[in-house]
Amino acid sequence: MDAIVIDNVSKAYGSTKAVQTVSLSVKPGELFGLIGPDGAGKTTLFKILVTLLRPDEGRATVVGRDVVKDFRALRSLVGYMPGRFSLYPDLTVEENLSFFATVFGTSIQANYDLIREIYVQLEPFKDRRAGALSGGMKQKLALCCALIHKPEVLFLDEPTTGVDAVSRKEFWEMLQRLKERQLTMLVSTPYMDEANRCDRIALMQTGQILAIDTPSGVEHLFRKPLYAVKAAETFRLIQDLRKAPFTQTCYAFGEYLHLTTEEGTTPADIDRYLRERRHEHVTIKPIQAGIEDSFMALMQHG
Amino acid sequence: MDKAVITNKLTKKFGDFVATNEITFDVAQGEIFGFLGANGAGKTTAIRMLCGLLKPTSGDARIAGFDVYRQTEQIKQVIGYMSQKFSLYEDLTVRENIRFYGGIYGLNRADLKAKSDQIIEQLNLGSVADKLVASLPLGWKQRLAFSVALVHNPRIVFLDEPTGGVDPITRRQFWDMIYEAADRGTTIFVTTHYMDEAEYCNRVSIMVDGRIKALDTPSGLKRSFGTDSMDGVFQILARGTSTK
Ligand SMILES: Nc1ncnc2c1ncn2[C@@H]1O[C@H](COP(=O)(O)OP(=O)(O)OP(=O)(O)O)[C@@H](O)[C@H]1O
Ligand SMILES: [Mg+2]
């Protein structure tokens with residue numbers, strides 16, 4: 001039996017169709033990623049799955065229970081970390097955590113093992129009001145709060161937004177360990193590199209699913225030749241390449257630009273064009289598309 | 001010539017806790033300066049001091065020559081600021097937000113109208129100009145917030161995690177806007193947790209536990225730390241310390 005089943009679910013707010021006939025299922029113990037920009041409908045989908053919102057159409061079950069009919073039973077089986085405002089700013093770090101534990105009839109001690117790795121980083125500040133924590137510290141506390149009652153399924157809505165690069169790595173290592181305990185997880189993220197850490201991902205945009213696949217499957221959806229281009233003056237390079245007759249798309253990717261071109265364009269053509277414009281230290285190399293390239297292409301062409 | 005930001009041992013304590021610990025650095029006019037650091041490293045605290053919003057405990061800082069202790073009013077006139085949370089009024093429309101901020105900075109009626117039209121056109125927000133900001137996707141809000149922070153042509157703009165949670169295409173459009181503003185001579189002071197964005201800065205500082213541990217160009221940093229990515233540099237610097 002699948003841990004999460006979403007069957008043709010739709011939800012509208014007035015004339016805004018937040019989620020449109022979405023279907024997907026998540027296996028027990030799977031780490032499943034929902035990737036998509038703000039407004040894609042990820043949060044609405046989460047709210048439906050954790051019984052906070054009723055779907056207009058379709059049905060969904062989590063660990064076999066209907067999200068509308070069995071909502072009471074479900075509440076204690078799921079953990080939910082909302083994207084924003086899930087902490088009490090006037091309570092201290094420790095008070096927030098024990099509040100969430102108490103609500104579910106457990107204690108911090110009983111399940112300390114589950115949260116230890118993250119919570120040790122917060123413990124030096126346990127008497128600080130949550131409102132005075134830095135952005136990333138708040139996210140870590142919110143995750144602890146969602147885990148403290150030992151749920152079977154964990155819903156994490158953008159848990160790493162605002163979290164620094166080192167902590168993000170640690171965070172995903174921790175999700176990996178929770179996975180070893182057979183916890184099923186549905187995670188949304190705006191970081192494309194994190195999509196690679198999921199077993200499978202769904203790409204969402206404006207309420208619809210564009211693709212569901214493994215991370216490498218999604219990378220292979222990108223079929224055009226792709227070049228990484230670099231030169232001494234990056235800003236001028238972007239401007240010139242965007243004006244080039246052969247350019248289809250040109251995006252910054254760290255120290256390189258990623259370029260797709262009209263059919264028949266060769267690296268030599270690109271090189272000649274850049275030399276004519278007096279670019280120096282030019283590097284052009286064909287590369288394999290990553291998940292971010294794929295996603296951006298899907299976002300633009302559906 | 002003149003520096004947009006100069007600090008000397010700038011420090012902020014909350015009780016016994018030292019959030020920003022004797023940071024000393026400067027930023028040239030027109031530079032894109034990346035202000036990086038782990039969560040809780042003290043970036044937002046430092047920015048709030050530089051913007052004249054929070055009084056330092058000790059040390060000095062000058063923004064476009066103005067002193068952060070005594071000349072906070074002058075500082076507000078020469079800077080733009082986009083805070084880590086929202087910098088716009090969610091229950092005002094796009095147009096109202098621009099007018100509101102323009103009004104604060106003393107733009108007259110005609111300038112306000114011209115500015116609003118210009119921003120709405122540049123950002124392609126024509127169809128939503130009279131909609132509440134609350135209804136816009138995050139990426140649009142952030143691009144609007146940036147334009148609003150520039151409404152009075154400040155010499156320096158402070159952007160505290162402007163692209164957090166923003167989708168990949170809009171995030172790049174945001175950086176296009178940063179480059180354009182820098183090209184016109186505006187100094188950009190920006191924090192981010194996206195390491196690819198660190199590559200787009202002229203120079204980058206990395207804070208660890210309240211202190212600046214490294215400051216150089218992205219290529220200089222990669223060279224000194226013997227790694228080929230800014231992510232590598234960041235992992236080396238922030239590892240082994242108490243990440244918060
Ligand atoms: N008003 C306050 N009272 C007590 N401590 C505070 C206060 N404001 C900030 N701090 C503490 O100062 C430290 C630095 O916080 P700051 O918000 O500057 O970090 P940051 O580098 O911006 O982090 P992030 O990347 O997570 O936004 C944190 O430990 C934070 O909890
Ligand atoms: Mg901050």
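Domain bounds are taken from an automatic or database domain assignment. On that basis, chain A is divided into domain 1 (4-214) and domain 2 (226-301), and the lining of the second largest pocket draws at least three residues from each of these two domains. The structure is a predicted model, in which local features need pLDDT of at least 70, side-chain atom pairs count only at pLDDT 80 or more, and totals for chains, interfaces and linings use all residues. Residues are numbered from 1 along each chain as its sequence is written, chains are lettered from A and ligands numbered from 1 in the order in which they are written, and side-chain values use heavy atoms, with hydrogens and water left out.

**The second largest pocket**

- A pocket is an open set of points, on a 1 Å grid over the protein atoms alone, with protein on both sides within 12 Å along at least five of seven lines; lining residues have an atom within 4 Å of a point.
- Grid points are joined across faces, edges and corners, and a volume is the space filled by probe spheres set on the points.
- The volume of the second largest pocket is about 830 Å³.
- Its lining consists of 35 residues, of which Asp193(A), Glu292(A), Met195(B), Asp196(B) and Asp231(B) are the closest to the centre.
- Helices and strands are DSSP runs numbered from the N terminus, helices being H or I with at least four residues and strands E with at least two.
- Elements from both chains supply at least two residues each to this lining: H6 (165-180), H7 (192-195), strand S13 (256-261) and H11 (291-301) of chain A, and H6 (168-183), H7 (195-198) and H9 (230-238) of chain B.
- H6(A) gives the most, with four residues.
- By class, the lining of this pocket has 14 nonpolar, seven polar and 14 charged residues, where Ala, Val, Leu, Ile, Met, Phe, Trp, Tyr, Cys and Pro count as nonpolar, Asp, Glu, Lys and Arg as charged, and the others, Gly among them, as polar.

**Cavities**

- A cavity is a set of grid points where a 1.4 Å probe fits but cannot get out.
- The whole structure contains four cavities of 30 Å³ or more.
- The largest cavity holds about 130 Å³ of space; 14 residues line it, and the closest to its centre are Phe222(A), Thr249(A), Tyr251(A), Thr260(A) and Asp293(A).
- Strand S12 (247-253), S13 and H11 of chain A are the elements that give two or more residues to the lining of the largest cavity, and H11(A) provides the largest share, five residues.
- Seven nonpolar, five polar and two charged residues make up the lining of the largest cavity.

**Domains of chain A**

- The C-alpha centres of domain 1 and domain 2 of chain A are 37 Å apart.
- Their contact (heavy atoms within 4.5 Å) takes twelve residues from domain 1 of chain A and five residues from domain 2 of chain A.
- Buried area is the accessible area (1.4 Å probe) that two parts lose on being put together, summed over both; for these two domains it is about 720 Å², with 82% on carbon and sulfur atoms.

**Chain interface and salt bridges**

- Between chain A and chain B about 3000 Å² is buried, and carbon and sulfur atoms give 59% of this area.
- A salt bridge is a side-chain nitrogen of Lys or Arg within 4 Å of a carboxyl oxygen of Asp or Glu; the interface of chain A and chain B has five, whereas that of the two domains of chain A has zero.
- Glu255(A) pairs with Lys222(B) in a salt bridge whose closest N and O atoms are 3.3 Å apart.
- Over all chains the structure holds 35 salt bridges.
- Glu30(A) and Arg200(A) form a salt bridge at 2.7 Å, N to O. Glu30(A) lies in the loop between strand S2 (16-26) and strand S3 (31-35) of chain A and Arg200(A) in strand S9 (residues 200-205) of chain A, so the pair ties together parts 170 residues apart in sequence.
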